[in-house]
Amino acid sequence: MDFSEPSEAIQIRKAIDEFIEREVAPLEREHDRFLGEDYERHIVDDDHRQVPEYRDVVAEIRQKSAEAGFYGMSMPVDVGGGGVDVLTRSIVGEHVSNRPPGFHSAILGGAGGPTPILLACDERQREEYLDPLMEGEITTCFALTEPDHGSDPHYMDTTAERDGDEWVINGEKYWITNGPYADFAMVFARTSGDDGDYDGITCFLVDEETSGYSVDRIHRTMGLTPGDQCALAFNDVRVGDEQVLGEVDRGFQTAMDWVGGGRINIAATGVGKAQYLLDKATDYASSRETFGKPIGHRQGISFQLADLATEVEQVRWLYRYAAWKLDNGERARKEESMAKLRGAELYNEAADVAMQVHGGSGFMKDLPIEREYRSARVFRIFEGTDEIQRRTIARELI
Ligand SMILES: Cc1cc2nc3c(=O)[nH]c(=O)nc-3n(C[C@H](O)[C@H](O)[C@H](O)COP(=O)(O)OP(=O)(O)OC[C@H]3O[C@@H](n4cnc5c(N)ncnc54)[C@H](O)[C@@H]3O)c2cc1C
């Protein structure tokens, strides 16, 4: 058994630190209003849409990250990616998350960037969608969830019906990350079969300027970056066969093929965030004095830190084990879900401990802890809720 980190992960981490120092930090200093205590007021306009100045900074980092080879690092080399394995990508993801909120989150792409589902692109789609996406020139969004179907998306109401040599898409998608700004959407619609069938769902690549495609409203969230999620409406949207991604009726399987890696990335992000919050709380506990001694000298505080540090190590090794299994071609459904479940819970626990240790100053907006506290919560909801992860784990057991 070898617990050392892959040398590639160590190299990429170092290169990313240099990139952040060189390319991202100056932009963060220049646009500090997007990161300060009033960040929400500055990032979005009255319609809750991100302002062009903010989008421009994100686009600049995205393109520089693509040039530097970080943006599409987990995509295969033959499509212009870095070909790094799941373990390396997740270790790097943990490292990048181990910071206060900042523009560095644009480096690795996220929901609007290159996703392995697009490896199903044919030659023409690759030129039109995947290549510019890999270069950071355009962005996309993953449109699966609907107002009435989140945990059970295969019961979706969106349909695509045949009309001559076209498909006509009708339906609504909800809470779609990067939806307001995406140049094209990966839209899932039922093309055959019955409610709840995994077969019979097709993924379409739909350009945002297609007639009938609209951003209905931008959702307002408790945490994360404001203005990132929206409802998308599809009213008699007509597309040809050339817009089908992969096989007709097999879109759901194509999407599920890469969900595992996504869950591991969420877990790794949770670990990175928890480590950041633990370190911040530990520093504060060493310097803040009450009753004539640092609070870290009291068991009431130091044991909270000890328990959190133990949890961080547990989840770190859990997600790395899941990644290692995937990289070795082993089935890891149970471990992916365990890692996602615990990574999300850990981030929340860490935000809670950090706030408790900081007392009143943790509750104030001067420090990023209250923002982390709010942003952590959604980790237990998106990419499969806690309950859905437990359902998957139980199914693997029984
Ligand atoms: C910030 C954010 C970003 C998102 N980004 C995207 C995106 O880019 N693309 C996209 O397609 N979707 C996105 N989503 C949607 C997300 O994937 C769903 O919110 C999630 O899958 C849960 O679905 P739901 O909210 O409809 O909850 P529901 O499915 O309605 O569940 C409600 C509650 O019931 C529980 N529950 C449901 N079924 C069961 C069961 N069988 N057993 C036990 N408990 C159950 C759930 O765990 C939850 O607690 C995003 C959501 C958020 C909040």
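Strands are DSSP runs of E of at least two residues, numbered from the N terminus. In this predicted model, one such run is strand β7, which spans residues 229-240 and contains D236. The backbone of D236 has a phi near 50°, a positive value in a residue other than glycine. The surroundings of D236 comprise 11 C-beta neighbours inside 10 Å, and D236 therefore counts as exposed, given that the exposed class covers residues with 12 or fewer such neighbours.

A positive phi also occurs at W175, another residue other than glycine, where the angle is near 55°. W175 belongs to strand β3, formed by residues 166-177. For W175, 21 C-beta neighbours are found inside 10 Å, so this residue counts as buried; the threshold for burial is 20 or more. Positive phi values are thus present at a buried position, W175, and at an exposed position, D236.

Helix packing was examined for α4 and α8. Helix α4 comprises residues 86-97 and helix α8 residues 299-327; their axes come within 8 Å and cross at roughly 150°. Because angles over 145 degrees count as roughly antiparallel, this orientation is assigned to the pair α4 and α8. On the α4 side, the contact is made by V86, L87 and S90, while α8 contributes Y319, R320, A323, W324, L326 and D327. Classified by residue type, the contact of α4 with α8 consists of 6 nonpolar, 1 polar and 2 charged residues.

Terms used: Residues numbered from 1 in each chain as written. Predicted model: local features only at pLDDT ≥ 70, side-chain atom pairs only at ≥ 80, totals over all residues. Axes fitted to C-alpha atoms, helices over the stretch in contact; angles between N-to-C directions. Helix = DSSP H or I, 4+ residues; strand = E, 2+ residues; numbered from the N terminus. Parallel < 35°, antiparallel > 145°, perpendicular 65-115°, else oblique. Contact = placed C-beta atoms within 7 Å. Nonpolar A, V, L, I, M, F, W, Y, C, P; charged D, E, K, R; others polar.
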